[in-house]
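Please consider the sequence and model displayed below.

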Amino acid sequence: MLKVSQKNCLGCGTCVMVCPINQKICPQIAWGSGPDTTEVIMLIENGVVTLFHPEKCISCMECNKVCPTKSIYHEKGV
């Protein structure tokens with residue numbers, strides 16, 4: 001299951017933009033706009049990443065690859 005360590009998150013939003021599922025749900029994300037729906041996997045709220053639909057994650061880990069603090073990760077067995 002996709003998880004976020006909010007205490008380490010910088011709130012940069014790069015993870016939100018590179019997520020292919022987020023891009024499919026809300027295409028303007030790919031151009032740097034914030035999502036206009038909470039149907040996405042994650043978005044920035046109050047300066048940190050908030051997960052809305054981690055069950056939609058396809059485990060591509062593009063979010064983790066771009067995260068400067070590696071705050072996004074998968075927890076096995078959950």
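The structure is a predicted model. In soluble globular proteins, nonpolar side chains tend to be buried together. Here the largest nonpolar core comprises 18 residues. Those with the most contacts inside this core are Leu2, Cys15, Ile41, Met42, Val49, Cys63 and Ile72. Two or more residues come from each of the elements β1, α1, β2 (42–45) and β3 (48–51).

Isoleucine 41, one of the core residues with the most contacts, deserves a separate look. Residues up to four places away in sequence are not counted in what follows. On that basis, isoleucine 41 touches Leu2, Cys19, Ile21 and Asn22, and also Thr50, Leu51, Phe52, His53, Pro54, Lys56 and Cys57.

Attention now turns to the space that the atoms leave unfilled. Rolling a probe the size of a water molecule over the atoms shows where empty space is left. How many cavities of 30 Å³ or more does the structure hold? There are two such cavities.

The largest cavity contains about 80 Å³ of space. Its lining consists of 13 residues, and Cys19, Pro20, Cys57, Cys60 and Cys63 lie nearest its centre. The elements contributing two or more residues to this lining are α2 (20–25) and α3. By class, the lining of the largest cavity has 12 nonpolar residues, one charged residue and no polar ones.

The second largest cavity has a volume of about 70 Å³. This second cavity is lined by 13 residues, with Cys9, Leu10, Cys12, Val49 and Cys67 nearest its centre. The lining of the second largest cavity has nine nonpolar and four polar residues, but no charged residues. Val49 is also listed among the residues with the most contacts inside the largest nonpolar core.

Two individual positions complete the account. Asparagine 64 is found in helix α3, which spans residues 62–66. Is asparagine 64 buried or exposed? Asparagine 64 is classed as buried because its relative accessible area is 19%, and the threshold for burial is under 20%. Leaving aside neighbours within four places in sequence, asparagine 64 is in contact with Lys70, Ile72 and Tyr73.

Glycine 13, in turn, lies in the loop between β1 (2–4) and α1 (14–18). Glycine 13 has a relative accessible area of 9% and is therefore buried. The C-alpha atoms of glycine 13 and serine 33 are separated by 9.9 Å, with the two residues 20 residues apart along the chain.

Notes: Residues are numbered from 1 along each chain as its sequence is written. Side-chain values use heavy atoms; hydrogens and water are left out. Helices (H or I, at least four residues) and strands (E, at least two) are DSSP runs, numbered from the N terminus. Buried means under 20% relative accessible area, exposed over 50%, partly exposed in between (1.4 Å probe, protein chains only). Contact means heavy atoms within 4.5 Å. On a 1 Å grid over the protein atoms alone, a cavity is a set of points where a 1.4 Å probe fits but cannot get out, and a pocket is an open set with protein on both sides within 12 Å along at least five of seven lines; lining residues have an atom within 4 Å of a point. Grid points are joined across faces, edges and corners, and a volume is the space filled by probe spheres set on the points. Ala, Val, Leu, Ile, Met, Phe, Trp, Tyr, Cys and Pro count as nonpolar, Asp, Glu, Lys and Arg as charged, and the others, Gly among them, as polar. A nonpolar core is a set of buried Ala, Val, Leu, Ile, Met, Phe, Trp, Tyr and Cys residues joined through side-chain atoms within 4.5 Å.
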